Amino acid sequence: MKSLLALLLTLLSVSAVQAQERRVHAYVMQSTSMEPTLRVGERVMADRGPDDCGDVEGVVTGDIVVRRRGSDHWISRVVAGPGQTVELRAGLLVVAGRETLQTETGRVLLGGYGGRVFREEPGEGKHHHIFLRDGPAPDSILNYGPVRLGPDQWFLLGDNRLNAIDSREDGPVASADICGVLTHLFLSTDPSRVGPLR
């Protein structure tokens, strides 16, 4: 309990400093599209407010970002940035002609579906986990591109790869629609999940 209190105080301190430098904003995860990284109902902190879109300085592959989609804000992971070529080959992410390293780490049950969890390493020293549920998936989800991104475009995917509305459906996202990078998961029914996000 003391460690949880210490973590919350640290997060509040970090948030206060960030708020002085630039406006921060909390979001609630509304869907299963980012499982296993984020679960429905978890609260996350972004480094800026929902109306502060277009500043992509410091955004890198692997970041979880808030994107504007119509009048809503959605959460997805950056898998490729401006000028890069991106494609999916039978579910395997390929960026700039290089296959992303995926290592299976186990089986889980998420959202009522059984499936496999993979550690995905997109480069730049980052890694995260993705979920691929068992069973068939539409070809448009497993195979995409190749597409060369424009100088102001980003390709975003959900970590729950077979259950996400992302750039495979909406196309590349313009820098003007990137509205923040998630920095912390600060509230969860599982306190062990609380902390900084990769």
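Alanine 96 counts as exposed, with a relative accessibility of 54%; exposed here means over 50% relative accessible area, found with a 1.4 Å probe on protein chains only. Its backbone is worth a look too: alanine 96 is not a glycine, yet has a positive phi of about 55 degrees. You will find alanine 96 in the loop between β6 and β7 (98–99). Strands are DSSP runs of E with at least two residues, numbered from the N terminus.

A word on the source: this is a predicted model, in which local features need pLDDT of at least 70, side-chain atom pairs count only at pLDDT 80 or more, and totals for chains, interfaces and linings use all residues. Residues are numbered from 1 along each chain as its sequence is written, and side-chain values use heavy atoms, with hydrogens and water left out.

Alanine 90 also has a positive phi, of about 50 degrees, although it is not a glycine. Alanine 90 sits in the loop between β5 (85–89) and β6 (92–95), and counts as exposed at 64% relative accessibility.

Now to the peptide bonds. Most residues other than glycine have a negative phi, and most peptide bonds are trans.

| Cis peptide bond | Omega |
|---|---|
| glutamate 35 to proline 36 | about 10 degrees |
| glycine 145 to proline 146 | near 15 degrees |

Where do the prolines lie? Proline 36 belongs to the loop between β1 (25–28) and β2 (43–46), whereas proline 146 is placed in strand β11, residues 144–148.

Conventions
Helices (H or I, at least four residues) and strands (E, at least two) are DSSP runs, numbered from the N terminus. Buried means under 20% relative accessible area, exposed over 50%, partly exposed in between (1.4 Å probe, protein chains only).
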